[in-house]
Amino acid sequence: MKTDPKAPKAFASRLQKPGFKDPKLLIGLFLILMSLTGVITVVNIANQTKPYWVTTREIYVGEEISEKDLKKVDVRLSEASSHYLSTEDSGTPHIATQFIGAHQLIPKNSLGEVEQNDRKKTTIVLDSTIASGYKAGDLVDVWVSSKNETGNGYATPVRLMEQAEIARINSEDSVLGSTGKTALQLLVSEDVLSSILHATSNDSKISLVPSF
């Protein structure tokens with residue numbers, strides 16, 4: 001049986017290591033590089049941070065937020081990024097429309113513009129047991145019962161305002177000692193402010209009812 005003298009050479013050529021100019025090797029290296037580049041890009045995007053503002057102290061409802069109340073931090077928020085105040089957002093002064101704790105990111109829905117704030121602050125005092133049922137940011141209706149002329153009772157309660165907002169609650173220990181009373185700071189409309197001040201100075205009974 002005759003053998004092809006070219007067969008060993010062809011077989012040997014198939015066993016040779018591919019050179020750097022081999023198209024298959026180049027295509028394989030290209031695909032590996034593209035895969036690695038894609039993985040690195042995805043990891044970088046996933047770990048990308050952005051500077052946001054966080055509070056340096058507790059900020060209560062109705063307070064104006066200034067630069068000294070803020071500091072920058074780099075945070076990765078991904079999908080939630082649009083809900084918080086970043087350093088790229090408008091520098092327009094803001095007021096807090098909700099209580100914001102210290103060292104927290106600032107939700108955009110807790111901010112209002114200063115020129116839109118037409119409410120005034122006033123303070124009332126309640127029994128601590130009643131005040132403990134409220135927190136900053138709660139909306140309440142303000143009811144007032146004036147003292148009778150005889151001083152032995154109170155008149156029928158009258159609602160002075162709907163949806164007043166509790167801006168701050170001062171603990172009895174820090175403000176009124178151990179009297180069992182707690183001071184609540186309310187944000188009220190200007191047209192009822194004088195009536196509330198009159199009630200507090202004339203020993204009228206002020207009650208708060210949660211707004212619905």
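I am working with a predicted model, where local features need pLDDT of at least 70, side-chain atom pairs count only at pLDDT 80 or more, and totals for chains, interfaces and linings use all residues. Residues are numbered from 1 along each chain as its sequence is written, and side-chain values use heavy atoms, leaving out hydrogens and water.

Next I looked at α5 itself, residues 190–201. Helices (H or I, at least four residues) and strands (E, at least two) are DSSP runs, numbered from the N terminus. At 1.5 Å a residue, the twelve residues of α5 should span 16 Å, and the end C-alpha atoms are 17 Å apart, which agrees. The expected span is 1.5 Å times one less than the number of residues.

Then I asked which residues of α5 are buried. They are Val192, Leu193, Ile196 and Ala199. These four cover an arc of only 130° around the axis, so they sit on the same side of α5. The arc is taken from the directions from the helix axis to the C-beta atoms. Buried means under 20% relative accessible area, exposed over 50%, partly exposed in between (1.4 Å probe, protein chains only). On the face turned away, I noted the exposed residues Glu190, Asp191, His198 and Ser201.

What do the buried residues of α5 pack against? I found β6, β7, β8, β9 and β10.

Last, I visited leucine 31 in helix α2 (residues 23–46). Leucine 31 is exposed, with a relative accessible area of 54%.

Methods: Contact = heavy atoms within 4.5 Å.
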